[in-house]
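Hello,

Here is the structure I promised to pass on to you. Have a look at it first, and then read on for what turned up in it.

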Amino acid sequence: MANYSKMRLGKRHPRHDPRVPMLARYTAALPSAPPAVEYQTKVTSWPMMMNDRLGDCTCAAVGHVIQQWTTYNGHPVVLSDQQIEQLYETVGGYNPADPSTDGGAVEVDVLNYWLNTGVFGHPLGAYAALELQNHNEVMDAVYWFGNCYIGVALPISAQTQDVWAVPPGGPSGPGAVGSWGGHAVPVVAYDERGLVVIT
């Protein structure tokens, strides 16, 4: 059985930015997403981007999105650990000399930084918010844009799961939402059974 209990999380509590438009504003008139899509197989390996040592998942997820987009564009770029750490220092306030500053980051702060500044020469033209727990909007985002950068509130039970699912005891105790912590991941594929994320 897998044991991911030592893996680092790092998505802080979400904060709403009223300037961010809702995705449905742009996709409501588009055709529905197909029942299954994948944008992962062209990527030969997904590096950890220091998320096994730091709570930098919000920044590692950005690195994975850049890697995925550039791979599917025919010119793969993999940001270095040093670049991911530098991004984490900028948006999360992490200081390598002070381990107590390894407290993660807020996703909207990371996305706004990427939107306004770019990340090592890779701009973000725009982003939109999704309605919470709206699976169709996740499908739309993956289908139309290649992925969907999301935050999840993982239960302790996920520490021993290769496929995240509600445990037999239900969403309480070790299955309680967020009992392990918050994690940022890009969704890169989906089908009728669920989502595929990079973590």
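Is arginine 53 buried, partly exposed or exposed? Arginine 53 counts as partly exposed, at 48% relative accessibility; buried means under 20% relative accessible area, exposed over 50%, and partly exposed in between, with a 1.4 Å probe and protein chains only.

A word on the background before the rest. This is a predicted model, in which local features need pLDDT of at least 70, side-chain atom pairs count only at pLDDT 80 or more, and totals for chains, interfaces and linings use all residues. Residues are numbered from 1 along each chain as its sequence is written, and side-chain values use heavy atoms, with hydrogens and water left out.

Now to the salt bridges. Side chains of opposite charge can pair when their charged atoms come close. The whole structure holds 5 salt bridges, each being a side-chain nitrogen of Lys or Arg within 4 Å of a carboxyl oxygen of Asp or Glu.

One of them joins arginine 53 to aspartate 81, with the closest N and O atoms 3.4 Å apart. Arginine 53 sits in the loop between strand S1 (37-38) and H2, and aspartate 81 in helix H3, so the pair ties together parts 28 residues apart in sequence. (Helices, H or I with at least four residues, and strands, E with at least two, are DSSP runs numbered from the N terminus.) Aspartate 81 is partly exposed, at 28%. Asp52 joins Arg53 and Asp81 in a network of salt bridges.

Another salt bridge pairs arginine 8 with aspartate 102 at 3.0 Å, N to O. Arginine 8 lies in the segment before helix H1 (24-27) and aspartate 102 in the loop between helix H3 (81-92) and H4, 94 residues apart. Here arginine 8 is partly exposed at 29%, while aspartate 102 is buried at 13%.

Aspartate 17 and arginine 19 also meet, at 2.7 Å, N to O. Aspartate 17 is buried at 9%, whereas arginine 19 is exposed at 66%.

Finally, a pair of helices. H2 (residues 57-72) packs against H4 (residues 107-117) at an angle of about 45°, with the axes 9 Å apart. The two are therefore oblique to each other, a word for angles that are not under 35 degrees (roughly parallel), over 145 (roughly antiparallel) or 65 to 115 (roughly perpendicular). Axes are lines fitted to C-alpha atoms, for helices over the stretch in contact, and angles run from 0 to 180 degrees between N-to-C directions. Contact, meaning heavy atoms within 4.5 Å, involves residues including Trp69 of H2 and Trp114 of H4.

Best wishes
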